[in-house]
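Let's take a friendly walk through this structure together. Keep the sequence and the 3D view side by side as you read.

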Amino acid sequence: MAENIQCATHGECQQTFVCTHLLGETSGLGFNRDEPDDDNPYPDAWCDNCELIRAAHDGWNEQSEKLTKISLLCSGCYERARIRNTRPSVTLDDLASLRWKCYTCEEWHTGPCLDFGDDSPCYWLEEHEKASHRFSLLPSWSKKAPKTFLNEDYCAIDDHDFFVRGIIHLPILGAGETFR
């Protein structure tokens, strides 16, 4: 029966063992292990570099184990490491022939589209556009801060809903690119 350990993040969980390369917030290093089963749902795991050592020594033995460093990990952290480090079956290079039409420039591009955005929040209606346009027609000496406006970075609707444009970079496992 597997032993449990106490994890600061996941509480009491089943103990697992992984190479030290899989600790922390690493990603895309590969995740090698024997097939999980009912008796051992979290078999020992190691990265692709440690797999090269294991393969060069015809499996795990005294010599190959001396060249790797193994660490204790809870099953929750093990699953996070597995998700972050498992290499995807499809790479960005495999998607190089995809074609898509850009909404902004109206041109066709190839490769995966990794940037998505909108010109305005979904709450922005045609009536807000008209109010914003009327404000821009006023002389500058008569302008107070508008209650409804939209520009490249900010939006306010009726001095009640406020929006700031932001870009969130999400790492793509196995690639140097981000999804934005």
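In Cys105, the sulfur sits 3.7 Å from the closest cysteine sulfur, that of Cys102, which is too far for a bond. A disulfide needs a pair of cysteine sulfur atoms within 2.5 Å. Cys113 is in no disulfide either, as its nearest cysteine sulfur, in Cys102, is 7.4 Å away. The structure holds zero disulfides.

This is a predicted model, where local features need pLDDT of at least 70, side-chain atom pairs count only at pLDDT 80 or more, and totals for chains, interfaces and linings use all residues. Residues are numbered from 1 along each chain as its sequence is written, and side-chain values use heavy atoms, leaving out hydrogens and water.

Now look at the rings. There are four aromatic pairs (rings of Phe, Tyr and Trp, its six-membered ring, with centres within 6.5 Å; planes under 30 degrees apart are stacked, over 60 edge-to-face, the rest tilted). Tyr42 and Tyr78 have ring centres 5.4 Å apart and planes at 80°, so they pair edge-to-face. Ring pairs also link Phe31, Tyr42 and Tyr78 into a cluster.

How accessible are these residues? Tyr78 is buried, at 0% relative accessible area, while Tyr42 is partly exposed at 22% (buried means under 20%, exposed over 50%, partly exposed in between, with a 1.4 Å probe and protein chains only).

Phe116 and Phe179 form another pair: their ring centres are 5.6 Å apart and their planes at 50°, so this pair is tilted. Phe116 is exposed at 58%, and Phe179 is partly exposed at 32%.
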